[in-house]
Amino acid sequence: FTNALTQTTYYKRIASIDAGTVTRSTNVIVKTLLGNVVGGTMDTVSTTLCVGEALPNLTVSGSTATGGPTYQWEYSTNNINFTPLSGVTGAAHTPTQTTTGTHYFRRITSVTSNSVACSATSSVTTIIIKGLSPGSIGSEQNICYNDTPVELTSISDAYADGDPVTYTWQTAAAISGPWSTATGTSSSTTYQPAALTQTTFYRRLANSESCNISATTNIIKVNVVPAVVGGTMTVSNTICVGETPSELTVTNATTTGVLTYQWEQSSNNINFTPITGATASTYTPDTPTVAATTYFRREITLSSDGGFCSATSSSTALIVKGITAGSIGSDKTICYGTEGGLLRSLTAADASEETPLYSWQKSTDSGSNWTTIPSASDPTYIVGTVTQTTQFRRLASSPTCTASATTTPITITVLTE
């Protein structure tokens, strides 16, 4: 048997028989009602602070003060689930929570009488600590000397718990600083640096206007590869077919740092292609087998801290001179003792832009032996009286090289008498 009580009450049980003519009662028990415990009202109203500011001392008014009350302070992050603060049992409490966010506090007042404890909780006070999250920026880059980096972006903007935020971009030559305000427009969430000639570090400073606090983002690095100089190539060289070219070298090029090389060639000094395996600082072209002009240059690449930048040297021409024979007129048949006539030049000899030297030869044994015809040095030749079948060919020589070439022979067939 239980009922809610508002005063101290005594109880006993009476048993009866024979329609109540005989009764007996038990011992008496007493339910002692302790005084009402009042939790009280927080003196500190809910307040909003900036991170780093001192938290107020929390006190309670109107709580039970008699009967030797004891206290236990409790804390919550959601105003629903409260947990006791270990060791915090005084009448007042100065919170130690410093993280940004909303914090809830209340105090439990307990009074113990006759080994029975009664408790009540105070009202709740709220402390809001405002902070500043700087956000983050991106991203690191590798550029060549005097190039312009791509725009530095905002991966996430700063947040100041809904308060206004202003930005200042900062720059430094070393990751440890000193830091200074970046030039140009540096007050937005993104930043466009100008052309750079040295490695530079950037960060974004966020400022909370209401709390007068600031915070910086991560630091990003724009790595500038030092200037690369391609250099000056060896002067152009003229050789003959079959001669070994001179070694190609480059002067006044970058010589310090981690360098790699690639030689390139071109037939028109415009469109260059890499030469397979030609990756040394110097290069010797293969011995030429045909007359041609080939252009060479060297690409040099400097690697620095993950970045790669290249430059090409000036080009040089390897002029290979040679001789092609050209062609002469066709076979003919004549009568015995008549003139062979003019042997025409169908195509002239090519001596690599030089004037070829001509001579004519003849053979009467089907080309086994050839005899040079005296004073025959023109592109054409007039054959005099022929009395037997004879072959003729034209020999062309280079004026600067030892090379020579002969045309396909023609045959003048002489009919018998």
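Cys50 and Cys211 form a disulfide, with their sulfur atoms 1.9 Å apart; a disulfide is taken as a pair of cysteine sulfur atoms within 2.5 Å. The pair links distant parts of the chain, 161 residues apart: Cys50 in strand E6 (residues 47-50) and Cys211 in the loop between strand E18 (200-208) and strand E19 (213-216). Strands are DSSP runs (E, at least two residues) and helices likewise (H or I, at least four), numbered from the N terminus. Both Cys50 and Cys211 are buried, where buried means under 20% relative accessible area, exposed over 50%, and partly exposed in between (1.4 Å probe, protein chains only).

This is a predicted model, in which local features need pLDDT of at least 70, side-chain atom pairs count only at pLDDT 80 or more, and totals for chains, interfaces and linings use all residues. Residues are numbered from 1 along each chain as its sequence is written, and side-chain values use heavy atoms, leaving out hydrogens and water.

A further disulfide joins Cys144 to Cys309. Cys144 lies in strand E14 (residues 141-144) and Cys309 in strand E27 (residues 307-312), 165 residues apart. Cys144 counts as partly exposed because its relative accessibility is 25%, whereas Cys309, at 5%, is buried.

Cys240 and Cys401 are also joined, S to S 1.6 Å. Cys240 is in strand E22 (residues 237-240) and Cys401 in the loop between strand E36 (390-397) and strand E37 (404-406), so the link ties together parts 161 residues apart in sequence.

The chain as a whole has 0 helices and 38 strands. Its C-alpha atoms fill a box of roughly 185 × 65 × 30 Å along the principal axes.
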